[in-house]
Amino acid sequence: MDRATRNGPAGMALRAAGVLGHALAAEMVGVPVHRLAAWARGQETPDPEELARLADLVSLLEPLLRAFAPDRAAAWLGSHEPALRARPVDAFRRGGSGPLREALRARHRGGAGPGPAPD
């Protein structure tokens, strides 16, 4: 795979699905599995908003894999995270990777993560 393909939508979709699986990656980006699979095959192109969410997800993979083995990373994303007061997958869909990065930093420090969200 050349650099342009690797850094384009197809490469990003392949990386996200390779680490998280198609179903979880699609859920996080907010698209049906068949759309993510079509991006990975280069048959479709995400719209600008979808592409931004996909790029944000791919940028989260490195810190996620520093904190967890791939199978544990997917499990963490789908489980309740007290620091987020939600499942990480849901927190990502609401606010992007920022809250998840903070929760991962807190885990690394041994802390509980960010405080409660303001009302």
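Contact here means heavy atoms within 4.5 Å. With that in hand, let's walk through this predicted model.

**Whole chain.** Start with everything shown as a cartoon. Among contacts between residues at least 6 apart in sequence, 53% join residues at least 24 apart. You will find eight helices and zero strands. Switch to a surface: the chain exposes about 6,500 Å², and carbon and sulfur atoms supply 54% of that area. Of the 119 residues, 39% are buried.

**Select Leu 64.** Look for this residue in helix H5, which spans residues 48-67. Is Leu 64 buried or exposed? Its relative accessible area is 1%, so Leu 64 counts as buried, the cut-off being under 20%. Now show its neighbours: leaving aside residues up to four places away in sequence, Leu 64 touches Leu 20, Ala 73, Trp 76, Leu 77 and Leu 104.

**Select H5 and H8 together.** Helix H8 covers residues 98-109, and its axis and that of H5 come within 10 Å, crossing at roughly 20 degrees. Because angles under 35 degrees count as roughly parallel, H5 is roughly parallel to H8. The crossing of H5 past H8 is left-handed.

**Zoom in on the contact.** Show side chains for Ser 59, Leu 60, Pro 63, Leu 64 and Ala 67 on H5; they meet Leu 100, Arg 101 and Leu 104 on H8. Colour this contact by residue class and you get six nonpolar, one polar and one charged.

Methods. Residues numbered from 1 in each chain as written. Predicted model: local features only at pLDDT ≥ 70, side-chain atom pairs only at ≥ 80, totals over all residues. Heavy atoms only, no water. Helix = DSSP H or I, 4+ residues; strand = E, 2+ residues; numbered from the N terminus. Buried < 20%, exposed > 50% of the residue type's maximum accessible area, 1.4 Å probe, protein only. Areas by Shrake-Rupley, 256 points an atom, 1.4 Å probe, with all protein chains shown as cover. Axes fitted to C-alpha atoms, helices over the stretch in contact; angles between N-to-C directions. Parallel < 35°, antiparallel > 145°, perpendicular 65-115°, else oblique. Left-handed = near helix turned anticlockwise from the far one by under 90°. Nonpolar A, V, L, I, M, F, W, Y, C, P; charged D, E, K, R; others polar.
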